[in-house]
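Here is a brief report for a reader meeting this structure for the opening time. Please look over the sequence and the model before reading on.

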Amino acid sequence: MQHDQSSTPVRRSVVVQEFTNSVLDPNAPMLGPVESGGTIIANTAPGCWGPMITPRLRGGHEVTTPVFIEGAEVGDGVAIRIREITVTSIATASGHDSSPEGFCLGDPYVAARCPTCDTVWPETHIEGIGQDAVKCDVCNNPVKPFEIVHGYTVTFDDTRTVGLTVPSDVAATFAQRADHYSALPDGSKQHSILNYAPSDMPGTLIRTRPFMGQLGTCPSMPMPDSHNAGDFGAFLVGAPHEYAITPEQLAEHKTDGHMDIDAVRAGAILIAPVKVRGAGVYMGDMHAGQGDGEIAGHTMDVAGSVTLQVEVVKHYPLDGPVLFPLLEDLPPLAKPFSASEKAKGQRLAEKWGVSHIEPLAPISVVGTAATLNDAIENGLERAAKLLKVSVAEIRNRATVNGAIEIGRAPGVIQVTFLAPLAKLDEVGLGDYAREQYDL
């Protein structure tokens, strides 16, 4: 279905306070339209744990309703400048998970069920505190598609620069007013994970470094939000629920909006592919901080406010995102050369008769797949397609002028390297590199 927004006035800015039911559906109405160069301001809900313990939600996250971008056509890209990310949660909880048997139809993120009355996607309510607190409205038995094996409750200082994990009595206090302490937006339908009140490692000081785990464009077929990526999306292949797809459908329709890349933070520029008319820019799954890999499977999911500026990039050649991270987030070998380094290079060129030193600029190409090895291959292939060179050349450039970085295990990576600026100009991305790195 193509969205007809021709009768709706184009806006310079859109404020988003609405959420999906955890499914990104290109057939559902979008907000907007907002003009190319316009602004999207959103109040986002926590991702991961809250939606994961809310069986009525069908995707494991709770992302914002997509926004229609005027002029974005299939085959284009959308440049998303992340102007601001602000954590509003006072506290949150997280931890390493397990999935008890019997509480889902194949996939606990997508198809939660009550094993007592056999209702799929049951409506539920909170009764008490702890991991049996989510109760089925039909039979009043606990429904827990996920349990926390080892977890923590953390609260943040007023500047949101550090967090501290708390003991069980404080975690229980937060659970009594879970929606307040997690700052759930009014439109959110999730149960706050603070209701579980985990407290397995109290007294741990944590730095915050907020970023967006979900940021991108709408896939071209209905897809559970957390599965809009090559690794989690693999769980949909041959699944026993209504969102089952084939490997070919996953490759064709996903947009890799669920990256969990910690460099997708304020100041970065993300280019996302357009696979439906209007793009459908959405966001969610804000994290207060995370090390590379999100190796516990989850991190500190928080509510927050986000400001984006969006701009159409015509004829974008990739089916996935590229990122221009902050300078400080680049690997050492992928940082732009200093004036001193360039001078030394020029002396070498003069000594050995090299007539031209190629101008280079950092870029980070995202790759996703069911495993990290396959995700690396996907990222290398995308980078080669972007620059119109061989995969072998990208391997060399990423080795001597970059690095492979892990966004999320099991299968999101970044191929970050210094690319020929002329090649980036050919695909309309050179000026983003110049802007980001003051080249």
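This is a predicted model: local features need pLDDT of at least 70, side-chain atom pairs count only at pLDDT 80 or more; totals for chains, interfaces and linings use all residues.

Residues are numbered from 1 along each chain as its sequence is written, and side-chain values use heavy atoms, with hydrogens and water left out.

**Salt bridges**

A salt bridge is a side-chain nitrogen of Lys or Arg within 4 Å of a carboxyl oxygen of Asp or Glu. By this rule the model has 24 salt bridges.

| Pair | N to O distance |
|---|---|
| Asp-231 and Arg-408 | 2.7 Å |
| Asp-260 and Arg-408 | 2.9 Å |
| Arg-397 and Glu-358 | 3.4 Å |

Start with Asp-231 and Arg-408, joined by a salt bridge. Asp-231 sits in the loop between strand 13 (223-224) and helix 4 (247-253), and Arg-408 in strand 19 (residues 402-408), so the pair ties together parts 177 residues apart in sequence. Helices (H or I, at least four residues) and strands (E, at least two) are DSSP runs, numbered from the N terminus.

Are these two residues buried or exposed? Asp-231 is buried, at a relative accessible area of 1%. Arg-408 is buried too, at 2%. Buried means under 20% relative accessible area, exposed over 50%, and partly exposed in between (1.4 Å probe, protein chains only).

Arg-408 also forms a salt bridge with Asp-260. This pair links distant parts of the chain, 148 residues apart: Asp-260 is in the loop between helix 4 and strand 14 (269-273), Arg-408 in strand 19. Asp-260 is buried, as is Arg-408.

Next come Arg-397 and Glu-358, another salt bridge. Arg-397 lies in helix 7 (residues 391-400) and Glu-358 in the loop between helix 5 (339-352) and strand 18 (360-368), so parts 39 residues apart in sequence are tied together. Arg-397 is buried, with a relative accessible area of 17%. Glu-358 is partly exposed, at 39%.

Salt bridges also link Arg-209, Asp-262, Arg-265, Glu-328 and Asp-329 in a network.

**Nonpolar cores**

A nonpolar core is a set of buried Ala, Val, Leu, Ile, Met, Phe, Trp, Tyr and Cys residues joined through side-chain atoms within 4.5 Å. Which residues touch the most other members of the largest core? They are Ile-40, Ile-69, Ile-80, Leu-215 and Leu-308, out of 42 residues. Strand 5 (residues 77-87) supplies the largest share of this core, five residues.

Leaving aside neighbours within four places in sequence, Ile-40 is in contact (heavy atoms within 4.5 Å) with residues including Val-14, Val-67, Val-281 and Val-310. A second, separate core has 33 residues, among them Val-322, Val-365, Leu-386 and Val-415.

**Helix 2**

In helix 2 (residues 168-176), Ala-171, Phe-174 and Ala-175 are the buried residues. Seen down the helix axis, they fall within an arc of 105°, so they line one face of helix 2. The arc is that of the directions from the helix axis to the C-beta atoms. Those buried residues pack against strand 6 (91-98), strand 9 (147-156) and helix 3 (178-182). On the other side of helix 2, Asp-169 and Gln-176 are exposed.

**A surface patch**

Val-162, Leu-164 and Leu-205 form a nonpolar patch on the surface, with about 260 Å² of accessible area together. Patches are made of residues with over 30% relative accessible area and no salt bridge; like charges are joined within 9 Å, nonpolar side chains (Val, Leu, Ile, Met, Phe, Trp, Tyr) within 5 Å. Accessible areas come from the Shrake-Rupley method with a 1.4 Å probe; for residues, only the protein chains shown count as cover. Leu-164 is in strand 10 (residues 162-165) and is partly exposed, at 39% relative accessibility.
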